[in-house]
Every structure is written in C-alpha cells, then in structure tokens.
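Please look over the model shown here before reading the points that follow.

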Amino acid sequence: MQSSHLALRQSCRAHNAYNLTSALSSTFSTASRLAAQSDGSYASYESLSEQFQGPRRRSAAAAARPRQKPQMGASLTARQALVEESSGASPQQQMPRYTDGRQATPRFTKSLIKTFRPQQPSDTSSHDGTILAPNYKTRQQEKWTREQQQAVDTKEHQQNNGHWKAHMQLIGQLVNDASKPRRGGKAQEITDELRKKVDYRGRVMNPPPEQEPNLPTPWALPQDELAGLSAMERLEEEIARFAEYSEPTPAEKAARQAVAAEVCALVEANLTDKTLKTELFGSEKTGLALATSDIDIRLYEGSEEGGGKTRDYDFGKGMAFLYRRFNESPDWMCAVFRNSNYPIISAQHRATGIDIQIVSSPSTANQQEWTRIYLAELPHLRTLYPLVRTMLGIRGLVDVFNGGTGSYGLFMMLVAALKRRSSNPPQTAAQQLLHFLDFYKNDLDTRKRGLAIEPTPKTFLKHAGGTVPGLKAHIEAAHRREDPARAGQWAISQTRPLQPYLLCLQDPAKPTNDLGRKTNAIKHVLATMGSVRVGLEKEMRRSDRARDGGNGGEDGKGDEGEKEQHGRGESAVGGERNLLERLVGRCHEVYAERRGRVEGYGRAVLDKGVQEDVVAGESDGSEGADVSLTMEPDRAHEAPPQGALAATSA
C-alpha cells in the first residue's frame, strides 16, 4: 500500500514525463498546494489521476496577465517562480522576495546545489551487526581524506605539467616562426608584444605526489644506522644508495638489450637501402643509462668511413615508411614521427613500456669520447649524474621537446659546475651536489654569462646581436691562433633578441655547438634547483638538530610549512625520513610498475637463454651446463649467461 505522498509523486512523474514546465510545477509546488486544499489523504489512485488529467484552470487574476514562459537559460529558481505564477498559486505559495525584488533561494534549491560526497560511516557497527573497532570511523575518515587529497594532487600536477609544457612548445614555435625569413629575405620584426609572448616567470616544479601503494624508500637509512651520523654523512650515504637503486638490474639490462635488438631487426628488415645501418648511441652507449632511460638508435649510411654519414635530404621518406611499420606492429604503441632536419621516430615497447627513439643524426662519437673522459676525471660524476637526472626528469625538465636540458646537456651542466675553480673545492659526492646546486642558484646569470668547459672551465660574456664590431674578425683571429674553443665562444656568445635568458653552454666536443639554445624552460630549471637547494639545507639542519637531541623543527614548530610546500616531510612507511626526497620525491613509487614490467620481461629473456644453453649443451654432450639456474629463477638474473644476448639478437 503506497502512501499519499508516494502516489502523488508517481502521478507527477507519469503525467509530466515529457513536459519540463509541468514537471517542475508538479514536483515542487503541487504537493504542498493539494495538501493544503485537501485533508491530506486520497481514496484511490484513480481519483488522484483524474485531478491531473483534467484541463488546467487559471484564476481570473492569472488569466488577465499574459502567460510567461521560462527561458531555458534561466536558473532553476527563476523557472520555478514563473511556473508558480502561471499556475495561479496562492500568495502564500509564491516565491519569497527581498525588499529590492530579488527572489530568495528556497531551502530545497540550496540542498540541490550542494556538492555530493561519498557517504561516511556513521557508527561503529557494520551492516552484518559486527562490532567494529572504536576508532574505525576515524580511520575511515582519514583514509577517505587521504585518497581524495591524493586524487586532487595528481590532477593538479597533471594540469600544471600540461600547461607549462604546452607553453614551452608554443615559445619554441614562436621563436622558429620569427627566425624564418619573410618576403624579400627579411626576418620578422621583433616587437614588444612578441617579446612578452616568449618571456615568462620561472616557477618551481614539484615532483608527482605520492602513489599507492606506499613503498619503502630504497635509499633511506634504517633508524639504527642514523645514530651519530651528521647530515653531510647521511647525505653522502643516501647518494650512494640512490645510485645503486638507479642502476639497472641484470634482468633489466637483458630486457633493454632485447628491446634494442628487436628495434634494430625491425628497422633493417624494412629498409630498402641495405647500405643503411643502425647503432646505439647516447646513455646506452656510454654506460649512463638508468633503468627508466630511453633507448636511442641512430640510422646512418654504413658505406661511409668514420662511423657513417647521414643523408638528411632523403631520410624523411624512409623514416616515414618505418613509422607506418611501427604503427602497424602489435608490439609497439604511441608511435610519433617528427620530420625535421634530423627526422626522428619515437615509440614505446608494449610489453615493457621502454621508450625508443630512432633518429638520423650525425655521428656522436666525439660526445661519447668526452663523456668517457669526464667520467674518468671526476670520480663522483657517475654517482651524481643519476640523482640529478632523476631530479629533473621526474619533473619533466629533461625532455628537449618541452624545452628541457636534454640528457647530454644536463651531463655537461654538471661537469661545468664541478670543474669550476674554487678556493675550497668539494671532495665528497655530498659536497659536490651542494656545490652544483649553489652554482646554478647563485653564481650564474644566464642573461650575461655563458659557460665553457674546455680548455679551462670558465664563464664568458654574452653580447647583444650587432654590438660587437668586427665579430667575424675575432673569430678568424682565434682560428689563426689555433684556438677553436675561443672562436666557438665568440660565435655562440650572441644574445638571442627574443630569449636573452637562454642558457649558453659550449659543447666541448664541438665548440660552435650551444647546448642551451633549445632550453626554453631554463627559468623553470633554475627556479627548481634553487628551491631544492633551500629545502635540502633546511632538512639537513633539522637532521643535525635531531641528532643533537632537538625536536628537529625550527622554534619548536617543526616543519609543517615545509611539509605543505614539498608535499610531506615523512614517508608513510614506518615514519622514515630521507634527505633526497627533497630532490626526487617518491620516484620509486612512480617507477615501480614500469620497472616491474621490465624486470619480468628480462627474467623471461634470461630464462629462455639459459634453457637454450642447456639444450645446446645436452645435444653436443658438453659438460658443465648449469641446470640449477632453470630451477631457481630468483638467482637466474644475478649472472646473465652469454646465451641470453645471442638469443635476443637472433
């Protein structure tokens, strides 16, 4: 048996399903009007329906007034007022108004515009009658708040990342368009409006928020090892542990080699010109590749001497054909082709998530040689580079396409800072890290100075275009003195009229190459480095005070402000603290799923290689085949067998 209110509501819905005006009138005003006019009860559903099916009668006063129709753009309150007015509602049922004629919002309308939120537990008993813990409600509320805040932080981080990256790409496009000659061979006029479009204020880029599930920090020191350590000693140990974490495991190396071999096989199988060859270059060739680094492959003409020669003029069509093959292959995804002076194909391996890049560029043998020289000269460079690379990479400040520094450019930025002369040169990795951050935070003005590494690490003056008389004569004189480094500094020292703030960094492998000419986001890079330096210094002071028996906070207030600025000061796992979280955030949580996929793929590659070695050993009767590796997969990745690489390249 239905109540009168339910019957009334169903009648309203059935009768006014396709009439918006009548539906609003029936839903919000008819119930109270009929209830006031009757005794509140109805004999039958039929009698109720007859009241709604009959023709609507208007009062004499309402009939005298012209009928008004609510506009579709009006608010719900305005529509309701018009409906009430046209339906001849009594004065008591008219919408209340303020003295100036504005309509007041009724209570039910206010309740409709409230934001819906998930229902939270209201008691300590579950639906099956089980008595829950006394603090169950508090824990549920804290969990809900944490999940909501994490979703908000992630969304804001993605929006901010998309905004500044699109801005940097726009700046690059504007600068390229302005540099192209117009009719008559004249370049575009540099106006104040154009300068404002390509100028911006650098802001601090924060790492992504913490991910679920919360994982222990691999480089954090256990509590029993923290006793008695100064902040500098603790930072030194964390840097060493982070370098160990960043190093690819044997299984990850096997997976990367297998993916590289798969790419080379796909490229060479789809090239009609058999004189073209492929080779690895970049961090994969120099040994600086991280577990999450891209795989860079160079396409060149192998018939030329000296490492090959690229043919830029006819590589575009061939690489466009390769791009279509990557799009058609089920093993690859997210393929992108950019046809420029050096055509490039980017794609992602579907099984592992490893990103690859194929580019027809000049030989990088000189850059690789200088990289090996500096790695041998600076003992802590190999330890510091993964940390600095991750610090900017987790924030998206390394990708050249988005105005980042590039891996090779960042490596040379680190070298330039560490080779600078100093009255008290840093000795340990921790001291060199602080020296690197201090140099780019305080010592370098990119508007006035450029950086040179060879033959002597120094800064040189930048000059506005056209302000140096006889510039060509200066360059020729440096060449006559057999000083290509100084000639290159004269050539790249001209300030760009639209971007005087760009970093000017001379490439030691090619003195006329400016490694900073594409770093449109250099202001964001320097602002982030400065913020990281300040935050790291505060965290180190807190660590020293905690060691000396203090509370670790400033003025007894702790570091709540720092937690708010940088996300949090403590890890959610065991309350652990680590200094490097100021630099890299929770990168191990961000990379956990991706590294897990690569690790699993690499173990499968290693197991396949071991099994093939065992089969080959049994077939030729050889002894010494290690069958135990096939029975213990956890140990199979500790020593990659030689057969694994042969299997991946077959």
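**Notes on the model**

1. Gln368 is found in helix 14 (residues 365–377); helices here are DSSP runs of H or I with at least four residues, strands are runs of E with at least two, and both are numbered from the N terminus. Gln368 counts as buried because its relative accessible area is 9% (buried means under 20%, exposed over 50%, partly exposed in between, with a 1.4 Å probe and protein chains only). Apart from neighbours within four places in sequence, Gln368 is in contact with Phe281, Gly282, Lys285 and Thr286, where contact means heavy atoms within 4.5 Å.

2. This is a predicted model: local features need pLDDT of at least 70, side-chain atom pairs count only at pLDDT 80 or more, and totals for chains, interfaces and linings use all residues. Residues are numbered from 1 along each chain as its sequence is written, and side-chain values use heavy atoms, with hydrogens and water left out.

3. The protein has 27 helices and eleven strands. Of its 650 residues, 41% count as buried. Among contacts between residues at least 6 apart in sequence, 65% join residues at least 24 apart.

4. Ala351 lies in the loop between strand 4 (344–349) and strand 5 (355–359). With a relative accessible area of 43%, Ala351 is partly exposed. Leaving aside neighbours within four places in sequence, Ala351 is in contact with Arg597 and Tyr601. Tyr601 is 250 residues from Ala351 along the chain, yet their C-alpha atoms are separated by 7.6 Å.

5. The axes of helix 10 (residues 231–246) and helix 20 (residues 522–547) come within 9 Å and cross at roughly 120° (axes are lines fitted to C-alpha atoms, for helices over the stretch in contact, and angles run from 0 to 180 degrees between N-to-C directions). Helix 10 is therefore oblique to helix 20; under 35 degrees counts as roughly parallel, over 145 as roughly antiparallel, 65 to 115 as roughly perpendicular and the rest as oblique. Ala231, Met232, Arg234 and Leu235 in helix 10 meet Leu536, Met540, Arg542, Ser543 and Asp544 in helix 20.

6. Which residues line the second largest cavity? They are Thr405, Gly409, Met413, Leu503, Leu505, Leu515, Gly516 and Thr519. A cavity is a set of points on a 1 Å grid over the protein atoms alone where a 1.4 Å probe fits but cannot get out, and lining residues have an atom within 4 Å of a point.

Key
On a 1 Å grid over the protein atoms alone, a cavity is a set of points where a 1.4 Å probe fits but cannot get out, and a pocket is an open set with protein on both sides within 12 Å along at least five of seven lines; lining residues have an atom within 4 Å of a point.
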